[in-house]
Amino acid sequence: MKRIKRRRLRPWAFWVFFLLFLSILIITITILLSWQQDNKKTEKLTKELEKIVKTTEKNNTGELINPPEEKTNDYWYYMSVPFLEVDFKELLKRNPDTVAFLHVENTNINYPVVQKDNNNYYLNHAFDQSRNSAGWVFLDYRNDINNLSDNTIIYGHGRLDNTVFGSLKKVLTNSWQQNKDNYVIQISTPKENMIFQIFSIYTIQEESYYITSTFYSEEQKQTWLDTMKTRNIAPIDTSVNTNDKILTLSTCENNEGGRIVVQAKLIRKESR
């Protein structure tokens, strides 16, 4: 009977595999340490901003935006939501790119919003403009917060530690959706305070349609609005029409290109 000879791993092959494994291990550890360090920096910066940002709530009526005739519409329920007013002096000193302050009920989203002339810079820069993989909460470069487009878009990374837009995933939970008081978004700018009413919450694979900022006909906008409403997974039935100014919050859901999207319409504002 013939003996089956076992192939031995040649010495050079062993070292190639060993070095490859070692390189992958070192790269992985470096990425994890960098990610952890960026998280700590973001958390520290967020706490610093919480101390310097002065916010107050105002119950002024303000200007009603596109009110529905039906008094049973939830639009009227949210008329009692107070405006969020922010003192921007210190924020603008720290970062002249500051354009607004955003608050989403029952999440950790309570952040100043920044804007550059592109949508890349604040993907990897923090509020203090230091390099940071956590990025920051930023307004789409195509938008003007003082002259709202058909659709105003705000982005932020979906961080696992719930910083930036990481806590936006709460809107997908049953407990968050069952609380009617959660369906409002407060925005303050140096010129205006605004209240938005949420009409659609959903997840979707990466695309550009939902972040269309301007429409060139009522028909085009109505088709878009119908599509956005159809995607909604939350137990709400908020009416929207082509006269509404829309706010879109967008973050990553996973590493495969998934997105968590929250869309709301402007219902009240006041000049400062």
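This is a predicted model: local features need pLDDT of at least 70, side-chain atom pairs count only at pLDDT 80 or more; totals for chains, interfaces and linings use all residues.
The protein has 272 residues, of which 47% count as buried, and its secondary structure consists of five helices and 11 strands. Among contacts between residues at least 6 apart in sequence, 65% join residues that are at least 24 apart.

In soluble globular proteins, nonpolar side chains tend to be buried together. Here the largest nonpolar core has 70 residues, and those with the most contacts inside it are Leu 102, Ile 154, Ile 185 and Leu 249. Strand S9 gives the most to this core, with eight residues.

Helix H5, which runs over residues 218-230, has 13 residues and reaches 18 Å from its first C-alpha to its last, close to the 18 Å expected at 1.5 Å a residue. Which residues of H5 are buried? They include Lys 221 as well as Trp 224, Leu 225 and Met 228, and because these residues cover an arc of only 100 degrees around the axis, they lie on the same side of H5. What covers the buried residues of H5 includes strand S7 (151-155), strand S9 (192-205), strand S10 (246-252) and strand S11 (258-271), whereas the face turned away from the buried side carries the exposed residues Glu 219 and Thr 230.

The aromatic side chains come next, with a count of eight aromatic pairs. In one of them, the rings of Tyr 77 and Tyr 78 have their centres 5.2 Å apart and their planes at 85 degrees, and since planes over 60 degrees apart count as edge-to-face, so does this pair. Tyr 77 is partly exposed, with a relative accessible area of 37%, while Tyr 78, at 3%, counts as buried. The rings of Tyr 121 and Tyr 122 have their centres 4.8 Å apart and their planes at 85 degrees, so this pair is edge-to-face as well; Tyr 121 counts as partly exposed at 22% relative accessibility, and Tyr 122 as buried at 2%. Tyr 111, Phe 127 and Trp 136 form one aromatic cluster.

Charged side chains also lie over aromatic rings: Lys 71 is placed over the face of Trp 76, at 3.7 Å from the ring centre, and Arg 268 over the face of Phe 83, at 4.3 Å from the ring centre.

The last stop is His 125, in the loop between strand S5 (110-114) and strand S6 (138-139). Is His 125 buried or exposed? Its relative accessible area is 9%, and because buried means under 20%, His 125 is buried. Not counting residues up to four places away in sequence, His 125 touches Ser 130, Arg 131, Asn 132, Gly 135 and Trp 136, and of these Trp 136 belongs to the aromatic cluster with Tyr 111 and Phe 127.

Conventions:
Residues are numbered from 1 along each chain as its sequence is written. Side-chain values use heavy atoms; hydrogens and water are left out. Helices (H or I, at least four residues) and strands (E, at least two) are DSSP runs, numbered from the N terminus. The expected span of a helix is 1.5 Å times one less than its number of residues. Buried means under 20% relative accessible area, exposed over 50%, partly exposed in between (1.4 Å probe, protein chains only). The arc is that of the directions from the helix axis to the C-beta atoms. Contact means heavy atoms within 4.5 Å. Rings of Phe, Tyr and Trp (its six-membered ring) pair if their centres lie within 6.5 Å; planes under 30 degrees apart count as stacked, over 60 as edge-to-face and the rest as tilted. A charge sits over a ring if NZ of Lys or CZ of Arg is within 6 Å of the ring centre and within 35 degrees of the ring normal. A nonpolar core is a set of buried Ala, Val, Leu, Ile, Met, Phe, Trp, Tyr and Cys residues joined through side-chain atoms within 4.5 Å.
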